[in-house]
Amino acid sequence: MTKKDQIYAPVAVGSDFLGSASHAHELPPSPSVEVAFAGRSNVGKSTLLNLLLGQKLAHTSSTPGRTRTLNFFGVKTRGGSALTFVDLPGYGYAKRAKEERLAWGEFVERYLLERVPLALVIVLVDARRGPEHDDLELLKMLKDARPGGRAAPRVLMVATKLDKLPLAQRKPALAAIARGGFSVIGVSASDPASIDALWRRVLSGVGLEQPAT
Ligand SMILES: Nc1nc2c(ncn2[C@@H]2O[C@H](COP(=O)(O)OP(=O)(O)OP(=O)(O)O)[C@@H](O)[C@H]2O)c(=O)[nH]1
Ligand SMILES: [Mg+2]
């Protein structure tokens with residue numbers, strides 16, 4: 001194995017699709033700590049999930065609105081930890097019928113506020129735009145008090161599609177997001193090192209191991 005292989009050896013050693021839910025009664029029991037991926041439609045949630053999982057289990061599309069249910073994936077890490085990743089339907093997709101948008105919003109919002117195993121919410125924003133109005137609303141909601149005084153999940157912001165910015169603009173774009181008071185990491189689907197760095201932030205975000213490289 002070359003040094004490069006060792007650095008990029010995937011953290012995920014196995015992953016499975018656990019099921020979908022479009023109503024509260026369909027939510028599967030979560031066997032492990034849960035991490036949800038939220039963000040505007042087309043920001044790259046499902047693409048990023050597949051890269052973290054090491055398999056193309058989540059459906060992706062260049063057309064916004066692809067993911068319409070909550071999709072649950074189980075993943076085991078090299079360090080022996082188990083996590084559940086949840087792909088959420090995107091928001092801000094204007095072409096979806098208004099009633100459907102409202103119903104979806106309510107279901108996703110209840111999931112984010114009430115799901116007990118949910119330890120970390122990853123909020124994806126486009127690196128070229130930073131957090132927009134809908135994202136800020138979500139971030140505000142995530143800070144809200146939980147029923148029974150439970151702790152709110154931790155939040156990590158991920159700036160996606162960094163490759164679409166010229167090299168010289170990448171650091172300034174991330175710095176501008178950080179100036180808004182957010183802890184942010186930039187990723188590109190084409191850059192395995194950025195996926196590896198995100199895995200580390202996910203593991204430390206849920207209080208699990210930091211795998212050796
Ligand atoms: N250039 C570039 N394109 C990306 C990147 N990540 C995702 N994309 C593209 O962005 C489009 C949307 O990706 P998805 O992963 O389906 O987005 P999503 O956030 O799951 O979208 P919804 O399911 O509609 O909420 C696809 O065409 C991807 O190939 C990236 O890092 N760089
Ligand atoms: Mg999707």
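This is a predicted model: local features need pLDDT of at least 70, side-chain atom pairs count only at pLDDT 80 or more; totals for chains, interfaces and linings use all residues.
Trainee: What makes Val75 count as buried?

Mentor: A residue is buried if 20 or more other C-beta atoms lie within 10 Å of its own. Val75 has 26 C-beta neighbours inside 10 Å, so Val75 counts as buried. Val75 belongs to strand β3, residues 70-77.

Trainee: Which residues does Val75 touch, leaving out those up to four places away in sequence?

Mentor: Val75 touches Ala12, Ser15, Leu53, Leu83 and Phe85. A contact requires C-beta atoms within 7 Å. As for Leu18, it lies 57 residues from Val75 along the chain, and the two C-alpha atoms are separated by 9.9 Å.

Trainee: What share of the chain is buried?

Mentor: Of the 213 residues in the chain, 36% are buried. For β2, 6 of the 7 residues are buried, and the strand is described as mostly covered.

Trainee: In what order do the 7 strands form the open sheet?

Mentor: The order is β1-β3-β4-β2-β5-β6-β7, with mixed pairing. β1 (12-21) and β7 are called edge strands because each pairs on one side only. Neighbouring strands in this sheet are turned by 25° against each other on average, ignoring direction.

Trainee: How do you know that β2 and β4 pair?

Mentor: Pairing takes at least two bridges between two strands. β2 and β4 (residues 82-87) have 5 bridges, so they pair, and they do so in the parallel sense. Ala36 stands opposite Val86 in β4, and Phe37 has Asp87 of β4 as its bridge partner.

Trainee: How many bridges join β2 to β5?

Mentor: There are 6 bridges between β2 and β5, which run parallel. At least two are needed, so these strands pair as well.

Trainee: Which strands does α2 lie across?

Mentor: α2 lies across β1, β2, β3, β4, β5 and β6, and runs at about 160° to β4. Helix α5 (residues 167-179) also packs on the sheet, where it touches β6 and β7; the direction of α5 makes about 160° with that of β7.

Trainee: Why does the span of α6 agree with its number of residues?

Mentor: Helix α6 covers residues 192-205, and its 14 residues at 1.5 Å a residue should span 20 Å. The end C-alpha atoms are 20 Å apart, so the two values agree. Just after α6, Gly207 takes a positive phi of about 75°.

Trainee: Which residues of α6 are buried?

Mentor: Ser194, Ile195, Leu198, Trp199, Val202, Leu203 and Gly205 are buried. The buried residues of α6 pack against β2 (33-39), α2, β5 (118-126), β6 (154-160) and β7 (184-186).

Trainee: Which residues come nearest to ligand 1?

Mentor: Gly44, Ser46, Thr47, Thr67 and Gly90 come nearest, out of 23 residues around ligand 1. Helix α2 (residues 45-53) gives the most to this shell, with 3 residues.

Trainee: How do the residues of that shell divide into nonpolar, polar and charged?

Mentor: The shell around ligand 1 has 4 nonpolar, 14 polar and 5 charged residues. Gly counts as polar here.

Methods
Residues are numbered from 1 along each chain as its sequence is written. Chains are lettered from A and ligands numbered from 1 in the order in which they are written. A residue is near a molecule or strand if its C-beta atom, placed from the backbone, lies within 6 Å of it. Helices (H or I, at least four residues) and strands (E, at least two) are DSSP runs, numbered from the N terminus. A residue is buried if 20 or more other C-beta atoms lie within 10 Å of its own, exposed if 12 or fewer, and partly exposed in between; C-beta atoms are placed from the backbone. Two residues are in contact if their C-beta atoms, placed from the backbone, lie within 7 Å. The expected span of a helix is 1.5 Å times one less than its number of residues. Axes are lines fitted to C-alpha atoms, for helices over the stretch in contact, and angles run from 0 to 180 degrees between N-to-C directions.
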